[in-house]
Amino acid sequence: MPQKFSAPRGTRDLLPEEARAWERVEAVVRDLSARYGFERIDTPLFERIDLFARGLGESSDAVEKEMFRVSGAKGSEEERSEWALRPEPTAGIVRAYIEHGMHVRPSPLRLWMMGPMFRYARPQAGRYRQFTQWDVEVIGDPGPMVDAELIELAHRFYADAGLSGVVAQLNSIGDAACRPRYREALLAYFSPLAGQLSVDAERRLRVNPLRVLDDKELDPQLAAGAPKSLDYLCDACRTHFEGLRDLLDLLEVRYAINDRLVRGLDYYTRTTVEFYVTGREGQQDALGGGGRYDGLIEVLGGQPAPAIGFGLGIDRTVMAVQAQDGRAVLEPLVLAVVSAAPDAAAGRLRIATALRNQGVSVRVDGLARKLGRQLESAVKAGARWALILNDPQGERLTLRDLVSGGQRDVAIAEIAELVAS
Ligand code: HAM
């Protein structure tokens, strides 16, 4: 028996049925990236591990437990891996920004990227080892206007993708001026309670007390009593946060304050945000998230610059769209070329090629089947029209609407216009 292969755990094949939904969401990504004035950037799928360790923080799950290491060929210098598949895009984009001296470009810089990310976590519903994100980053704008603009953009993305009822959860976790005082308050609160914390949270308490709040197993009562970052903001951070809230109100963007929202990566300052379908906050992981990272560029060796961005999960968005409304998937409008004579494959191909030259989306095949079977197969494939060759050369053509069943004789020159209207 030959060995059977299957996709690695935590990965999925994108089959044609689901690919249509993906394409629609990807089209929204491209449309909005252009309409909001973002420029595309692409970075490698793998980078040096220490870029992630330094960038995302040693206490983040992504670095501590989920790094997907890659090694070089046997016997090569890189055999003992110093690389990892990217768990997220921001660190790589900032690396590229510094490496290519992009700080001299007109500021603020607006970049977008879409592609696969890798986290070696235990696979579960909506959590994969390979997943896709749409990422946008704005470097060189201290906000809060851009913070509001990006949150509005994320809302528009979900709406355009066909998802309703998405709410932004919002928090501010302060900056280098006020964070130390907040850290101390958390330490003072949680240290005597260390016995009630999970092993994970206890360790986080020592490395980065903010991330105790992010622990899934944290007792809700302990969490509710914990100091809130919003009560510890310095004047500058408070003004920034209030400015952001006013702008969101002005734009009529839905949001809710979540004072436990510290995010899973260590680079955030001030604004943190996550997106959920309303009512599913507790049961489902975030559809997307992001925030401000005013200190990261300096940490990675660049000239200090304020920055903000988000990553929206495409996998989770497609799943949510399908759960809410399968109709959101747009079918492509395709015309199938068929023939009365089963063996007129050459004629069908010639006509199909002529139509493709005119920009029509065409399906055609070379199987020798009766007209009825050809039409059946066109309907099953989701074609909107069938163009029937009444003679083997296709000198006499009939266009049939496969939805209404109506048909009429046509000349090849009028087809492109007919199917477009
Ligand atoms: P993140 O919250 O780690 O942020 O990921 C953003 C989104 O990626 C999540 O909300 C989720 O939709 C998706 N995602 C994350 N992990 C998985 C997984 N294992 N399976 C499926 N989907 C997943 C970041 O990555 C930051 N770089 C966002 C950002 C950009 N912050 C500033 N700029």
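Let me begin with P108, which sits in the loop that runs between α4 (90-99) and β5 (109-118). In this predicted model, the peptide bond joining S107 to P108 is cis, with omega at about -5 degrees.

E252, which is not a glycine, has a positive phi, near 55 degrees. This residue is found in the loop between α9 (235-250) and β8 (255-257).

I turn now to the ligand. Its shell is made up of 27 residues, and the closest of them are E88, R119, Y128, R263 and Y268. Which elements each supply at least two residues of that shell? They include β6 (130-139), β10 (288-292) and β11 (307-313). By class, the shell comprises ten nonpolar, ten polar and seven charged residues.

E88 places a polar side-chain atom 2.5 Å from a nitrogen atom of the ligand. For Y268, a polar side-chain atom is found 2.7 Å from a ligand nitrogen. In the case of Y267, an N or O atom of the side chain is 3.0 Å from a nitrogen atom of the ligand. How much of the ligand's accessible area does the protein cover? On its own the ligand has 660 Å² of accessible area, and the protein covers 95% of it.

The last topic is the packing of helix α1, which spans residues 16-35. I shall take its two partners in turn.

The partner I take up now is α5, residues 145-161; the two helices pack at an angle of about 145 degrees, and their axes are 9 Å apart. The crossing of α1 past α5 is right-handed. On the α1 side, the contact is formed by R24, V25, V28, V29, L32 and R35, while α5 contributes L153, R156, F157, D160 and A161. Sorted by class, this contact holds seven nonpolar and four charged residues, with no polar ones.

The other partner is α11, residues 314-324, which packs with α1 at an angle of about 115 degrees, the axes being 10 Å apart. Here, too, α1 passes in a right-handed crossing. From α1, the residues E18, A21, W22, V25 and V29 meet I314, D315, V318 and Q322 of α11. This contact has six nonpolar residues, one polar residue and two charged residues.

Conventions: Residues are numbered from 1 along each chain as its sequence is written. This is a predicted model: local features need pLDDT of at least 70, side-chain atom pairs count only at pLDDT 80 or more; totals for chains, interfaces and linings use all residues. Side-chain values use heavy atoms; hydrogens and water are left out. A residue is near a molecule or strand if one of its heavy atoms lies within 4 Å of it. A polar contact is a pair of N or O atoms within 3.5 Å; within protein, one must be able to donate a hydrogen and the other to accept it, and residues adjacent in sequence count only if both atoms are side-chain atoms. Accessible areas come from the Shrake-Rupley method with a 1.4 Å probe; for residues, only the protein chains shown count as cover. Helices (H or I, at least four residues) and strands (E, at least two) are DSSP runs, numbered from the N terminus. Ala, Val, Leu, Ile, Met, Phe, Trp, Tyr, Cys and Pro count as nonpolar, Asp, Glu, Lys and Arg as charged, and the others, Gly among them, as polar. Axes are lines fitted to C-alpha atoms, for helices over the stretch in contact, and angles run from 0 to 180 degrees between N-to-C directions. A crossing is left-handed if the near helix is turned anticlockwise from the far one by less than a right angle, and right-handed if clockwise. Contact means heavy atoms within 4.5 Å.
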